[in-house]
Amino acid sequence: MLVIFAACTFAITQNSMAAPQGFVDISLTAQPKKWVINGILSSVNGYGNAHFGMNSEQVLQVIGSDYPQALPSLKSDTHLSQQTPTMTIVVNELSPGPGPATITYVFGASSHKLIAVNVYWVVTGVAIPEQQQQLIEAASTVTAGLLGYRWPLLAVSRGIVPVPGVLLVFSGKDFAGGGAEVRLNGVGVDIEKPNTAAHSPEAREHRLAPPGPAQLHLSFVANIEHPDVY
């Protein structure tokens, strides 16, 4: 499992499950039914052995140690508008997602220290239901791990459908302002319809994903409100 916290929980309250203003659909797709509660305060410190505050040389050492076979795929770039340097690798296999994963390490525009990590599993072409389900199960596994920690009150959102084809499985802000997000794109979802009995036939509506690729995206950020960008 991912080692991304120095320290994440409670069962999410109804208030934190409520959709933010402007969102109308809630889904339980990819939401785990059980998780281990450890009661430790949430603290998003990075991803794996790469910790926020590391410089590029330190992150490169982590990559060489953790993903030596991915070193030939290493690409460095700079975001044009945010002026944040990046290092990207492709890992042939990365649990819990299916198949290859892309990991992008983002460094601050002024500090040049690690400020964010993005991880992607992508099914190209037209993702069949079985492939979508693999991504859904991986998202559920990651979310279960995140729910094991204790987050600030009202700092977690789950099951939000902002636009068709996109599902925000989990989004949380820790006590120091760091954040973690689990997002699915291009998968079918079961919408929980409001104002219906919980177990009635009318309570859920299955919405197929639009034909095309599917993606599981994990994002870990050191400072959500004040990122080190240009």
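User: With which side chain does the side chain of Asp25 make a polar contact?
Analyst: In this predicted model, Asp25 belongs to strand β1, residues 25-27. Among the residues that Asp25 touches beyond four places in sequence are Gly159, Ile160 and Val161. The polar contact made by the Asp25 side chain, at 2.7 Å, is with the side chain of Arg207.

User: Is Asp25 buried or exposed?
Analyst: The cut-off for a buried residue is under 20% relative accessible area. Because its relative accessibility is 16%, Asp25 counts as buried.

User: What distance separates the C-alpha atoms of Asp25 and Ile191?
Analyst: Ile191 is one of the residues that Asp25 touches. Along the chain, the two residues are 166 residues apart. The separation of their C-alpha atoms is 6.5 Å.

User: Which residue in β7 is the bridge partner of Val106?
Analyst: Strand β6 covers residues 101-107 and pairs with β7 in the antiparallel sense, over six bridges. The two strands form a hairpin with six residues between them, and His112 in the turn has a positive phi of about 60°. Within β7, the bridge partner of Val106 is Ala116.

User: Which residue in β13 is the bridge partner of Val119?
Analyst: Strand β7 runs antiparallel to strand β13, residues 214-221, and eight bridges join them. In β13, Val119 has as its bridge partner Leu218.

User: How many of the 10 residues of strand β7 are buried?
Analyst: Strand β7, residues 114-123, is bridged to β6 and also to β13. This strand is mostly covered, and the number of its 10 residues that are buried is eight.

Key. Residues numbered from 1 in each chain as written. Predicted model: local features only at pLDDT ≥ 70, side-chain atom pairs only at ≥ 80, totals over all residues. Heavy atoms only, no water. Buried < 20%, exposed > 50% of the residue type's maximum accessible area, 1.4 Å probe, protein only. Helix = DSSP H or I, 4+ residues; strand = E, 2+ residues; numbered from the N terminus. Pairing = 2+ DSSP bridges. Contact = heavy atoms within 4.5 Å. Polar contact = N/O pair within 3.5 Å; in protein donor to acceptor, adjacent residues only side chain to side chain.
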